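My notes follow in the order I took them.

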Amino acid sequence: MGYEVVRIMILGKVALTLQIMVDRADGSLINVEDCEQISHAVSAILDVSDPIEGAWTLEVSSAGIDRPLVRPKDWNRFAGHLAKAETMIPVEGRRRFSGIALGADDEYARMRLDDGLEVALPFSEIRKAKLVLTDALIDACQHMLGSGGAVSDESSEVVEEDTKKDQSKRSGKHNRYKTH
């Protein structure tokens, strides 16, 4: 469909949310219509396979500016920007890292820490990692925003729509479309 999946997560314990974060393959900005199109396509597949028991919410969104760093591609694209990461086991005696993303290969994400040291974090041990919202990051993403540099209220618009298909089977489920 011209999109790349950045991350898929199931959030919550009682009220479940299936969260799908996407980028456009061409690097341009995701909009609400893109999220709606993806949501309808994914909903059709999930209606047939029904992999999640009970009521749940499907949330399709862009990865946003202060996006998670999941793939080597993300680390390389945003090399030079401030990031935070947390590992499942200690790496060089610690689990939390803050510093400049230096890029990645298939096995390791690299960072220059605030104290000047460089660290290689094994992808298999990264619990979570994300960019930190800074003026430099906003400036670098201006071409995607198309708003002259300002992040407008429209950039965090959320539109919700109840699905009409098979409400008895999907009781309480709805789609949420987001852009960041």
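This is a predicted model: local features need pLDDT of at least 70, side-chain atom pairs count only at pLDDT 80 or more; totals for chains, interfaces and linings use all residues.

**Entry 1: a residue in a turn.** Is E92 buried or exposed? I found E92 exposed, with a relative accessible area of 63%. The cut-off for exposed is over 50%, so E92 qualifies. E92 sits in the loop that links strand 4 to strand 5.

Next I checked the backbone. E92 is not a glycine, yet its phi is positive, at about 50 degrees. I noted the background: most residues other than glycine have a negative phi.

**Entry 2: the hairpin around that turn.** I then looked at the strands on either side. Strand 4 and strand 5 make a hairpin, and two residues lie between them. How many bridges pair strand 4 with strand 5? I listed six bridges, in the antiparallel sense. Within this pairing, K84 faces S98 of strand 5.

I also looked for a pairing of strand 4 with strand 8. These two run antiparallel and are joined by five bridges. Here K84 stands opposite K130 in strand 8. I wrote K84 down with two partners, S98 in strand 5 and K130 in strand 8.

**Entry 3: from strand 5 to strand 6.** I moved along the chain. Strand 5 and strand 6 also form a hairpin, this one with three residues between them. They pair antiparallel over five bridges. The residue opposite G103 is R110 in strand 6.

**Entry 4: the faces of strand 6.** Strand 6 covers residues 108-113. Which of its side chains are buried? I marked A109, M111 and L113, which point to one face and are buried.

**Entry 5: strand 6 to strand 7.** Strand 7 spans residues 118-122. It is joined to strand 6 by five bridges, and the two run antiparallel. R110 has A120 as its bridge partner in strand 7. I logged another hairpin here, with four residues between strand 6 and strand 7. In its turn, G116 has a positive phi of about 95 degrees.

**Entry 6: D114.** D114 lies in the loop between strand 6 and strand 7. Its relative accessible area is 62%, so I recorded D114 as exposed. What does D114 touch, leaving out residues up to four places away in sequence? I found contacts with L82, S98 and G99. I also took a distance to I100. D114 and I100 are 14 residues apart in sequence, and their C-alpha atoms are 7.8 Å apart.

**Entry 7: T134.** I went on to the loop between strand 8 and helix 3 (135-140), where T134 lies. T134 has 22% relative accessibility, so it counts as partly exposed. Buried would need a value under 20%. I then compared T134 with D66. The two are 68 residues apart in sequence, but 8.6 Å apart from C-alpha to C-alpha.

**Entry 8: the largest pocket.** I turned to open space in the model. The largest pocket holds about 570 Å³. I counted 22 lining residues. R7, P68, R127, K128 and A129 lie nearest the centre of the pocket. Strand 1 (3-11), strand 4 (82-91), strand 5 (94-104) and strand 8 (126-131) each give two or more residues to the lining.

Which element gives the most to this lining? I found strand 8, with five residues. By class, I logged 12 nonpolar, one polar and nine charged residues in the lining.

**Entry 9: the whole chain.** I ended with totals. The chain has four helices and 10 strands. Along the sequence I read the pattern β-β-α-β-α-β-β-β-β-β-α-α-β-β. There are 180 residues, and 41% of them count as buried.

I checked contacts between residues at least 6 apart in sequence. Of these, 56% join residues at least 24 apart. The accessible surface comes to about 9,900 Å², with 52% of it belonging to carbon and sulfur atoms.

Terms used. Residues are numbered from 1 along each chain as its sequence is written. Side-chain values use heavy atoms; hydrogens and water are left out. On a 1 Å grid over the protein atoms alone, a cavity is a set of points where a 1.4 Å probe fits but cannot get out, and a pocket is an open set with protein on both sides within 12 Å along at least five of seven lines; lining residues have an atom within 4 Å of a point. Grid points are joined across faces, edges and corners, and a volume is the space filled by probe spheres set on the points. Ala, Val, Leu, Ile, Met, Phe, Trp, Tyr, Cys and Pro count as nonpolar, Asp, Glu, Lys and Arg as charged, and the others, Gly among them, as polar. Two strands pair if DSSP finds at least two bridges between them. Buried means under 20% relative accessible area, exposed over 50%, partly exposed in between (1.4 Å probe, protein chains only). Contact means heavy atoms within 4.5 Å. Accessible areas come from the Shrake-Rupley method with a 1.4 Å probe; for residues, only the protein chains shown count as cover.
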